[in-house]
Amino acid sequence: MTELKTSAEIGGMGHSVKRKEDPRFIRGRGNYVDDVVRPGMLYMAIVRSPYAHAKILSINSEKALAHPGVAAVITGETLKEYNLHWMPTLMSDTQMVLPIDKVMYQAQEVAAVIATSRYAAADGVELVEVEYEPLEVVIDPFKALEPGAPVLRTDKEGQKDNRIFHWEAGDKAATDKAFKDADVTISQDIYIPRIHVASIETCGIVAEFDSVEGQLTLWMTSQAPHAHRTVFAMVAGHVGLSEEKIRIISPDIGGGFGGKVPIYPGYVIAIAATVVTGSPIKWVEHRRENLQADSFGRDYHMHAELAADKDGTMKALRIKTIADHGYTDAATQPSKWPAGLFAIATGSYPFEAAFCEVDGVYTNKPPGGIAYRCSFRVTEAVHAIERLVDILADDLGMDPAELRMKNFIPPEAFPYKSVLGLEYDSGNYAGALKLAMEKIGYQDLLKEQKEKRERGELMGIGISSFTEVVGAGPSKDFDILGLKMFDSAEIRIHPTGKVLVRIGVQSQGQGHETTFGQIVAEELGIPVSDIKVEHGDTDTAPYGLGTYASRSTPVAGAATAMASRKIRDKAKKIAAYLLEVSEDDLDWEPGKFFVKGVPDKAKTIQEIAFAAYTNHPQGMEAGLEAVSYYDPPNMTFPFGSYICVVDIDSGTGQVKIRRFMAVDDCGNIINPMIVEGQIHGGLTMGMAPALMEEISYDEEGNIYGGSFMEYLMPTAMETPNWETAKTCTPSPHHPIGAKGVGESATVGAPPAIVNAVVDALSHLGVRHLEIPLTPEKVWRAINGL
Amino acid sequence: MIPGTFEYHKPSTLDEAVALLASLGDDAKVLSGGQSLIPMMKFRLAEPANLVDINGLEGLDYIREADGYLTIGALTREAELDRSDLIKSKYPIIHDTAHVIADPQVRNLATIGGNLAHGDPANDHPATMVALGAEVVVFGPNGSRTIGIDDFFLGPLATALKANEILTEIRIPVPPANSGGAYIKFERKVGDFAIAAVAATVTLDGSGKCVKAGIGLTNVGPTPVRAKAAEEALIGNPLTDDNIATAGRLASEASQPVGDQRGSEEYKRAVVEVLTKRALHKAKARAEGGK
Amino acid sequence: MGTQSISIKVNGVEQTGEVEPRLLLVHFIREDLGLTGTHIGCDTTHCGACTVILDGQAVKSCTVFTVQASGKEVLTIEGMTTNGELHPLQAGFMEEHGLQCGFCTPGMIMVSHALLQENSNPTEEEIRFGISGNLCRCTGYVNIVKAVQYAANKI
């Protein structure tokens, strides 16, 4: 467990400090984008394509413009005048802002109506007349790669097919040889369907351009306001937008989970609209456009293979993947690898050889490939390996826990370099699984299952022992359009000893205003109640790359600790001056420097802060401030072991999660209450795609559904009462030994659930089931259909 | 998601409401709880030029027994049915039904009249009313008329209710002694429309033989489906596991599901069979005095 | 199309005005009255972020026309605090960490308020069923259940 170094009153690391953000939220006093109102503000609504692939023959705005309240209709032609009808994606592909000649997916933006009210704008959308000529649609990514498939990206010079990229990692020859020499090989096709983060707040923007000052102010649902500002400056520099005159304010954000990392066309249209009309513009998506057009997660078709010895020793891993990216590569993963961190696929096991390849493919679907509450492509990789392990256990007649225990990378092997090139920082995988088994009573469950099976009842136990990789990332491997993935913190100690902390990351519910204060409290011994944390305003916060991929604590958290330590270094000099001793004679305990062996001879950090402005040594600059930009030396590797128990209704195929024990290890913990809350939420977002959520299309590219009627998010009724426990294996390279935790559970939960369901049906010959495990899928498996 | 414009009318008497409907013609819709209509308007799947809000009509909100009938006013909210002690103790099948409609907030506004008049075979009350052999009372320019439940539902979103009529009351014959009923709904998540649901009622004689049975199926046809052959197979026979199994099979055969995101035709038929059996077992237990 | 006169008591204050009949109650509350604690999350009566109390009953204000609320009383999250004192539910959400991003929180508090008014000592199952018309993407509901239990114990 994280060692407590401060009192509860100071509230440093390890204390369950109540959240500073809560008083406003529980009173309805949060400030979300849709709460922002500006004088003279107009509203924008978007006309969207009913076709997945079609030529635009004409757009007629006359009737819309005649409607009371409609001020303007913006089309691709309007934007073309400014050369703003296309924009780059964060993956250096290109994406239409508004189309000139054709649409590439159903629900694509076609035109925007600007009006004096939300209601008039919605009416205007109904009145814009668009003539389309449908084109052949490519929906199946496998068909998209067949010779003769229509080439979708005719706009890209030299693009001869629908392949976006081919990426591989590992040693193919060594892997092939290991498979040839192995006693046992298994293979399984696994599809991880397209899903949507569906934060309860949709995306939106209020864009306000002051044409006299040339100042553009944007209140925006952004997980990465600084990076977005730079992208806007780079894309629209030619029309006079200059980075110092762009201010992005990311206010309270109603959930992000990856969906608020991309720059959506709607944002750019709203910016164009404020420049064109001279009025502030508000655009807030309604849920249908959010679900139908915003970036998706996953959509990975994997063929996964594993080779092992008869005794269960795992030897080699091979995975071939087709990744459906939609019509453009607008993924939001900043690694230099097109398939992100898929190299974590070897999981918690020391393979001798492994080879992974991923082909990215264009189809007539919305773009994306964002993370759904996970690091980039980690969930897909973990699903593959944790399913394969269970299939191997089944084939060998071994207990899945025993097989994992036999193979785990041992604690003494860390730092561990995997055959796919990642260097795991620390881990104790057997420790986590052992604790999970004890907590849930694994042996008793096995007995119960045996008895139930004899009675014809379906009960399953599933394990997932996952390894995550988060904290993007080291500058050698990570950037967004060239911007390295450091992060930042700026700390100012005021004369009275109170603190302002500004950070480059952006909370969407993670509680940064609380936890980043706790890091400073830990490092400086100043009560967390005296520390104010700000983020999300690019005019005031230091430059940072934003919050996603569990990177806030690993990167900006490190920056905060480092900036605090810079302050402590200066404080020590001041203390030495005040106490008239040498720096070497001083010791530190949280909140004060004291003379070694004479604890009474001390200066508190508050006294030092006052002196920094009133009585500092000659030759020293006044003030007590520091900034740190932290470039992490490595990623962090949180891990855990989950055990899920399911009961299945054999008549309907309905799966009920009876118990779920999650043992997580995220290194040192800043705030146990917040960590546990994140794990609860992550587990729920792991269960959701495992059992319920999926976005699918018919052959014409029509999306099934566009509301929470069809997109099945779990309620409190479907969600079990999660049980949690933890082990603590600090990260050796992180200044405070923390690893990040927001996404572990989303990564680790799905295979535990699938493994449990497959386990419940294994005596019926079931070896694998695809997610979501709908009642019908399970019923078919039970009935051998 | 913004609805189109409309004129809003809020009559205070039934006569006034019906006169409004007559004068406004096809361009008018009745607004009851609004929990189906307003979402449709927000998607602009419904764009009525006029809304006639009947929530100001007095005396359409009641649950009472009289003259051998349980009568329920059309404006009775689902939440009131869910809460009603009379319903819980004597008509648990209606409690089963109201309890699983949408969610608590929707149940506070949604009305039983609206649930039936909407004519959606995915709604829950229709099958239950089929099983209970209910009648609906509608009021039009020529006064009231009563329509048997089997004549009420004509097709998807189509009922025997005329454009100038308002559904005012649901009448359910008070079941004889030794009767029981149950509604079992299988849904993808709480509050969703059913993959399939089954309403079953039985009346037993002193020897345990079934003398009366009603089976209605939700969301497996263009209207709620009465599983007639299944009912007939039960009548005159004891409710043995075998007989109940036969009824389940016959109900499955009577269902007319269409494959969609909730499941294939084959699966839905299987679900109907399973749920019919479960509903009959529960109805039987209740008829025998159980819960 | 004409407008309609309305008069609604919101958090104890009589509000009058002329509104289009199609104006949704949630927009009246948020935009005409500036009470932005009531949120919009789904537009289709599924997420419950817009839940308010209308004449004592929890309703989803995105699925009620403002004209329907005329003559009635509305309670929103802003009306839950009395003389600066937090309602036990508000305190419970904070104490039990029943919120993260805060977007679903007002709706969760309002629906829980209605639940506790009807059933002051609900079981866990009753709480879960009572909030099943409200979606939360952050918390996994565990601590929301605890927050409601906290309030039930205080009331």
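At what angle do helix α15 and helix α16 of chain A pack, and how far apart are their axes? In this predicted model, helix α15 of chain A, residues 552-579, packs against helix α16 of chain A, residues 605-614, at an angle of about 90°. The axes of the two helices lie 9 Å apart. Angles of 65 to 115 degrees count as roughly perpendicular, and α15(A) and α16(A) are therefore roughly perpendicular to each other. On the α15(A) side, the contact is made by A:Ala571, A:Ile574, A:Ala575 and A:Leu578. These residues meet A:Ile605, A:Glu607, A:Ile608, A:Ala611 and A:Ala612 of α16(A). Sorted by class, this helix contact comprises eight nonpolar residues, one charged residue and no polar residues.

Salt bridges come next. Over all chains, a search of the whole structure finds 76 of them. One pair within chain A is formed by the side chains of A:Arg194 and A:Asp299, with an N to O distance of 2.7 Å. This pair ties together distant parts of the chain, as its two residues are 105 residues apart. A:Arg194 belongs to strand β10 (residues 184-195) of chain A, while A:Asp299 belongs to strand β15 (residues 297-308) of chain A.

The contact draws 51 residues from chain C and 55 residues from chain A. In chain C, the residues that lose the most area to chain A are C:Met94, C:His97 and C:Arg137, which together account for 20% of what that side buries. Five salt bridges are counted between chain C and chain A. Among them is the pair of A:Asp34 and C:Arg30, whose side chains meet at 3.6 Å, N to O. On the side of chain C that touches chain A, two or more residues come from each of α1 (25-32), α2 (88-95), α3, α4 and α5 (142-154) of chain C. That side divides into 22 nonpolar, 18 polar and 11 charged residues.

Chain C also meets chain B. Here 31 residues of chain C are in contact with 32 residues of chain B, and the two chains bury about 2700 Å² between them. Carbon and sulfur atoms carry 62% of that area. Two salt bridges are counted between chain C and chain B, including one in which the side chains of C:Lys60 and B:Asp103 meet at 2.6 Å, N to O. Nine residue pairs are in polar contact across this interface. At least two residues each are supplied to the chain C side by β4 (57-60), α3 (105-118) and α4 (124-130) of chain C. Of the elements of chain C, β4(C) gives the most to this side, with four residues. By class, the side of chain C that touches chain B holds 12 nonpolar, 14 polar and five charged residues.

B:Ala163 sits in the loop between β9 (158-159) and β10 (166-173) of chain B. B:Ala163 and B:Gly25 are 138 residues apart in sequence, yet 7.1 Å apart in space, C-alpha to C-alpha. Neighbours within four places in sequence aside, B:Ala163 is in contact with B:Leu21 and B:Asp26.

Note on methods: Residues are numbered from 1 along each chain as its sequence is written. Chains are lettered from A and ligands numbered from 1 in the order in which they are written. This is a predicted model: local features need pLDDT of at least 70, side-chain atom pairs count only at pLDDT 80 or more; totals for chains, interfaces and linings use all residues. Side-chain values use heavy atoms; hydrogens and water are left out. Contact means heavy atoms within 4.5 Å. Buried area is the accessible area (1.4 Å probe) that two parts lose on being put together, summed over both. A salt bridge is a side-chain nitrogen of Lys or Arg within 4 Å of a carboxyl oxygen of Asp or Glu. A polar contact is a pair of N or O atoms within 3.5 Å; within protein, one must be able to donate a hydrogen and the other to accept it, and residues adjacent in sequence count only if both atoms are side-chain atoms. Ala, Val, Leu, Ile, Met, Phe, Trp, Tyr, Cys and Pro count as nonpolar, Asp, Glu, Lys and Arg as charged, and the others, Gly among them, as polar. Axes are lines fitted to C-alpha atoms, for helices over the stretch in contact, and angles run from 0 to 180 degrees between N-to-C directions. Angles under 35 degrees count as roughly parallel, over 145 as roughly antiparallel, 65 to 115 as roughly perpendicular and the rest as oblique.
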